[in-house]
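Here are a few friendly notes to read alongside the structure. Take the points in order and find each residue as you go.

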Amino acid sequence: MVIYLMCIVFCACETNRPTGGQPTNPTNPAETGSAGLKYEMNGDGTYTVVGLGSCTDPDVYIPAHHQGGKVSSIGAVAFYGCDALTSITVEEGITSIGYAAFSGCSSLTAVTLPASTITIGDYAFENCRSLQ
């Protein structure tokens with residue numbers, strides 16, 4: 001099971017990524033964020049970022065809103081092993097980062113978290129060797 005999960009993560013985190021910064025959502029100009037991130041809706045109507053999805057941006061920008069709803073968290077192991085990620089910027093309003101969310105992101109050099117972040121799960125940035 002672990003090998004299978006690692007294959008999925010590796011395939012989703014390919015290294016041939018263009019840079020992108022903070023693109024605007026073309027279907028809703030009021031929303032910003034890296035295009036293609038994968039979200040799941042929570043029981044309270046908010047969203048959790050659960051992975052890269054089709055995102056190809058090494059500089060990931062996680063928005064506070066998705067499809068008109070609030071993004072409240074970054075899920076457990078959401079970006080686990082995505083060694084092509086170089087920076088993460090999280091918008092104000094996101095309150096929690098899950099267990100091992102960015103663990104193993106060995107190229108991650110910069111993380112910008114908002115004051116609204118209350119909880120950072122265990123091992124959230126484990127083995128992020130380039131992070132200063």
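**Notes on the aromatic residues and cysteines**

1. Let's begin with Y99, which is partly exposed, its relative accessible area being 48%. Please keep in mind that this is a predicted model.

2. Now find the ring that Y99 pairs with. Y99 and Y123 make an edge-to-face aromatic pair, with 5.8 Å from centre to centre and 80° between the planes. This pair links distant parts of the chain, 24 residues apart: Y99 sits in the loop between strand 7 and strand 8, and Y123 in the segment after strand 9. Y123 also counts as partly exposed, at 48% relative accessibility.

3. Both tyrosines belong to a nonpolar surface patch, together with V77 and Y80; the four residues have about 400 Å² of accessible area together.

4. The structure holds 4 aromatic pairs. Another one of them is F79 with F102, which is stacked, at 5.1 Å centre to centre and 5° between the planes. F79 lies in the loop between strand 5 (69-74) and strand 6 (87-90), and F102 in the loop between strand 7 (96-97) and strand 8 (110-112), so this pair ties together parts 23 residues apart in sequence. F79 is buried at 0% relative accessibility, and F102 is buried at 0% too. With F125, they form one aromatic cluster.

5. C105 is buried at 0% relative accessible area, and C128 is buried at 9%.

Technical notes
Residues are numbered from 1 along each chain as its sequence is written. This is a predicted model: local features need pLDDT of at least 70, side-chain atom pairs count only at pLDDT 80 or more; totals for chains, interfaces and linings use all residues. Side-chain values use heavy atoms; hydrogens and water are left out. Patches are made of residues with over 30% relative accessible area and no salt bridge: like charges are joined within 9 Å, nonpolar side chains (Val, Leu, Ile, Met, Phe, Trp, Tyr) within 5 Å. Accessible areas come from the Shrake-Rupley method with a 1.4 Å probe; for residues, only the protein chains shown count as cover. A salt bridge is a side-chain nitrogen of Lys or Arg within 4 Å of a carboxyl oxygen of Asp or Glu. Buried means under 20% relative accessible area, exposed over 50%, partly exposed in between (1.4 Å probe, protein chains only). Rings of Phe, Tyr and Trp (its six-membered ring) pair if their centres lie within 6.5 Å; planes under 30 degrees apart count as stacked, over 60 as edge-to-face and the rest as tilted. Helices (H or I, at least four residues) and strands (E, at least two) are DSSP runs, numbered from the N terminus.
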